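Let's take a walk through this chain together, from its overall layout to the details of its packing.

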Amino acid sequence: MERFHDLPVSDRDSVDEPFLPQKEKGKTVSINEYKKLRRLLYYSGFIIVSLTVACIILAVKLEHTGYTPFFAERVYSPVEDIIRYENVVFSTGFGHERTEYQGPPTPERDALWDDLYGFGISRIPRESASKLVNKTVPIPGEPGQYVIQLNVFHQLHCLNMIRKSLYSDVEYPPDHELMGIEHIEHCYDALRQSLMCSADVTPLPWQWVEEVQEAKEVARVAHTCRDFEAVRTWAKENAVIHFDRKTYVPDDLQGH
Ligand SMILES: *[C@@H]1O[C@H](CO)[C@@H](O)[C@H](O)[C@H]1NC(C)=O
């Protein structure tokens, strides 16, 4: 039997011929058009599958890098790239679940608190500094380096001052730099704004407690947290040991 492509041209044309008059009446499509349509379907199918796969890959990647890019006007942070997420089970702070951070100040306990934020101010390179929404100043004697503090360390400092003032019976003048009531009031209001800003929406469940025959709210639950150790490690590695705040450094990035 003759194969299709071996047919003389005139014979091949005749294959299409019966369709032509009908096509002109708009009742059906030719084999060629059918093939075109089928190809179009394959292409669109291919594009849909590729886009779906791309979306899944992107979603998985975003979940791993953590920092949510969906709010376009978000304020830039120089540590965006090191942000990781982890689930942390909080402690109730009662009874045998009391943490080493609780209780009246002792040298050991104060050292623990200090180690949460004591390396507090950090250097960032000019490239990062240029992206800040609120500009900062250069570090005197360190060309190309700029000073910032990550807010979490300011928060921890403030909480520590409140903790110390809780146990202190010393009468500080209201404008005492750290322990005066003005600073303490600055501190708890800074924490109020921060708590509202991050709005931890982890659901706290209730559980029936046999001993007291009553339902109680539960604190010992998992929360999704930024990995604090990763942030602390960055801050320790980029700590500014000595910041001479009395020296003015002229700068074109504009730090007022
Ligand atoms: C920091 O930037 C915000 C937003 O542009 C602005 O409202 C605020 O006043 C700035 N702060 C300072 C100290 O310039």
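We begin with the fold as a whole and then turn to a core and a helix pair.

This is a predicted model, in which local features need pLDDT of at least 70 and side-chain atom pairs count only at pLDDT 80 or more, while totals for chains, interfaces and linings use all residues. Residues are numbered from 1 along each chain as its sequence is written.

The chain holds eight helices and six strands (DSSP runs numbered from the N terminus, with H or I of at least four residues for helices and E of at least two for strands). In sequence order the pattern reads α-α-α-β-α-β-α-β-α-α-β-β-β-α. Of the 256 residues, 6% count as buried (20 or more other C-beta atoms within 10 Å of a residue's own, with C-beta atoms placed from the backbone).

The largest nonpolar core has five residues: Ile124, Ala129, Ile139, Tyr146 and Ile148. Such a core is a set of buried Ala, Val, Leu, Ile, Met, Phe, Trp, Tyr and Cys residues joined through C-beta atoms within 7 Å. Leaving aside residues up to four places away in sequence, Ile124 touches Pro78, Ala129, Tyr146 and Ile148 (contact means C-beta atoms, placed from the backbone, within 7 Å).

Now look at helix H6 (residues 151–167) and helix H7 (residues 181–198), which pack at an angle of about 130 degrees with their axes 9 Å apart. Axes are lines fitted to C-alpha atoms, for helices over the stretch in contact, and angles run from 0 to 180 degrees between N-to-C directions. That angle makes H6 oblique to H7, since angles under 35 degrees count as roughly parallel, over 145 as roughly antiparallel, 65 to 115 as roughly perpendicular and the rest as oblique.

Terms used
A residue is buried if 20 or more other C-beta atoms lie within 10 Å of its own, exposed if 12 or fewer, and partly exposed in between; C-beta atoms are placed from the backbone. Two residues are in contact if their C-beta atoms, placed from the backbone, lie within 7 Å.
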